Each structure stands twice: as C-alpha cells, then as structure tokens.
Amino acid sequence: MSALRTLASGTLLTHEIEIKRSRFITTLARTDTPEEARELIDAVKSEHPQARHNCSAYLIDPPDAAPLQHSSDDGEPSGTAGTPMLEALRASDTWNATAVVTRYFGGILLGGGGLVRAYSTSVSEALANAPIAYLVGRDVLETQLNPGDAGRIEAELRGRGATIVDTIWGANVTLRVAIDPAARESIEACLAQASSGVAKFRYVETRRIELDEAENAG
C-alpha cells in the first residue's frame, strides 16, 4: 500500500486573501470521512451566515472503498469555485482534506477567470501553510512478554523500525506493534533473538497509521 499524502491529524487552519475588496477566507481541515467533511462545511456556513458564498471541495480516500470527491460553487458561476478548489487539492496530492472558501463580496465583479484564480489561490496558499503527514499501511502484530524483558525487547523492536501501538501490563505484557509488511521477517527474527525464542508474534490486522514527513522519508 503506497503512502497517502494528507494533513496532519487534527489540522484546522484558516487563511485569508483579499482581491479587489472581496475577502476569501479558506478553512482547511483533515477529514477522514464524508461525514466529517459535511460537518466542517456546515460549521463554516454557520460561522459566516452573512457571507455571499461558502464554496467547498474535498478529497477522501477511505481504507476499504473507492476514493470520494466533492465540489460546490455555492452560488458562484458554475465551475468557477468548487472545481478550481478541488483541482488545488489534486495538484498538491492532498487527501482526506476539506477546504471551504468563504467569500465576502467587495462590490467589484471578478469575472469567471478572476474567480477561478481567486478560489484556486486561496486553497493553494492554505495548503502551503498546512502541516503534512502520510497514511501508510502497516501490519499490526501482537506478542506476550515477560515483564522483566518487556522494556528491553520493546526498545530493540523500535530500533528495527517497529511502531509501538499499545502496551498492556499485567502478569504478562501484551505488546502490539505496527510494522512495514516488507520488514515482517526481520522483525520476527529480532523478537525471536531478543526473547531467546520464547516470544512469537500473532497477526492482528492491517491498518493505516500516520507518519510525519520525516518518518515517511526515513
């Protein structure tokens, strides 16, 4: 599974530009589902009830379904707002993101080309200021460890590139890690060596986890 470029979890930012006295306020957020996207769009509309337009666009790639896209001109001439906003998301290859551009009309008509440039620029500049992350497919594995060995083994697994998902302490320690599927053999060998052959991994699931830009590059 290739890495999916997205906004860092929890991202919610605004960016404003002014063109010929019209204000264009972009609200940009990480949204992992269409429901989250619609909630954002509705919230922005409620926040700006006096605005002439609240145009929107989103790109969402669910883990187990076809990619979804949406654009709305919200009263602007057809194709002059939602579509260029959507194209800005596509051009940056940013998924699971929703952009809403609120326009307060300044009294000067911009024309079709001017509107396209304004809405595209609004979203592109907001994206340039946004923290980027990557969603990657990882195998989640689980093992049982002796409490006296758990800290050392966890550190060794981290050193081999495993991401610790959960650690549950009890009579034994239940450790869950997320790993690159291509590295599974070496991670299992690391566990076997670190535990003197006592501990073994059990496959739990494959799911997406979030990495920042540095982690993804590494």
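## A buried aspartate and its partner

Asp61 is buried, with a relative accessible area of 16%. Buried means under 20% relative accessible area, exposed means over 50%, and partly exposed covers the range in between (1.4 Å probe, protein chains only). The model is predicted: local features need pLDDT of at least 70, side-chain atom pairs count only at pLDDT 80 or more, and totals for chains, interfaces and linings use all residues. Residues are numbered from 1 along each chain as its sequence is written, and side-chain values use heavy atoms, with hydrogens and water left out.

Asp61 forms a salt bridge with Arg208. Their closest N and O atoms are 3.6 Å apart. A salt bridge here is a side-chain nitrogen of Lys or Arg within 4 Å of a carboxyl oxygen of Asp or Glu. The pair links distant parts of the chain, 147 residues apart. Asp61 sits in the loop between strand E4 (53-60) and strand E5 (68-72), while Arg208 belongs to strand E10. Helices (H or I, at least four residues) and strands (E, at least two) are DSSP runs, numbered from the N terminus.

## Other salt bridges of strand E10

The structure holds 14 salt bridges. One of them joins the side chains of Arg30 and Glu210, at 3.0 Å from N to O. Arg30 lies in strand E3 and Glu210 in strand E10 (residues 202-212), so this bridge ties together parts that are 180 residues apart in sequence. Arg30 counts as buried, at 13% relative accessibility. Glu210 counts as partly exposed, at 32%.

Arg202 and Glu142 also meet through their side chains in a salt bridge, again with 3.0 Å from N to O. This pair spans 60 residues, with Arg202 in strand E10 and Glu142 in strand E7 (residues 132-145). Arg202 is partly exposed at 45% relative accessibility. Glu142 is buried, with a relative accessible area of 14%. Shared partners also build a network: salt bridges join Arg30, Asp32 and Glu210.

## Where helix H2 meets helix H3

Helix H2 covers residues 82-91. The axes of H2 and H3 come within 8 Å and cross at roughly 35°. Axes are lines fitted to C-alpha atoms, for helices over the stretch in contact, and angles run from 0 to 180 degrees between N-to-C directions. H2 passes H3 in a right-handed crossing. In a right-handed crossing the near helix is turned clockwise from the far one by less than a right angle; anticlockwise is left-handed.

On the H2 side, the contact (heavy atoms within 4.5 Å) is made by Pro84, Met85, Ala88 and Leu89. On the H3 side are Val116, Tyr119, Ser120, Val123, Ser124 and Leu127. By class, the contact has eight nonpolar, two polar and no charged residues. Ala, Val, Leu, Ile, Met, Phe, Trp, Tyr, Cys and Pro count as nonpolar, Asp, Glu, Lys and Arg as charged, and the others, Gly among them, as polar.

The buried residues of H2 include Pro84, Met85, Ala88 and Leu89. Gly82 and Leu86 are buried as well. What covers the buried residues of H2 includes E4, E5, E6 and H3.

## After H2: two positive phi values

Just after H2, Asp93 takes a positive phi of about 55°, although Asp93 is not a glycine. Asp93 is found in the loop between H2 and strand E6 (97-104). Asp93 is partly exposed, with a relative accessible area of 43%.

Asn96 is found in the loop between H2 and E6 too. Phi of Asn96 is near 50°, a positive value in a residue other than glycine. Asn96 is buried, at 2% relative accessible area.

The structure holds one aromatic pair. Phe24 and Tyr119 form this pair, edge-to-face, at 5.2 Å centre to centre and 90° between the planes. Rings of Phe, Tyr and Trp (its six-membered ring) pair if their centres lie within 6.5 Å; planes under 30 degrees apart count as stacked, over 60 as edge-to-face and the rest as tilted. Phe24 lies in strand E3 (residues 22-30) and Tyr119 in helix H3 (residues 111-128), 95 residues apart. Phe24 is buried at 0% relative accessible area. Tyr119 is buried at 0% too.

Gly113 also lies in helix H3. Gly113 counts as partly exposed, at 39% relative accessibility. Gly113 and Tyr203 are 90 residues apart in sequence and 54 Å apart in space, C-alpha to C-alpha.
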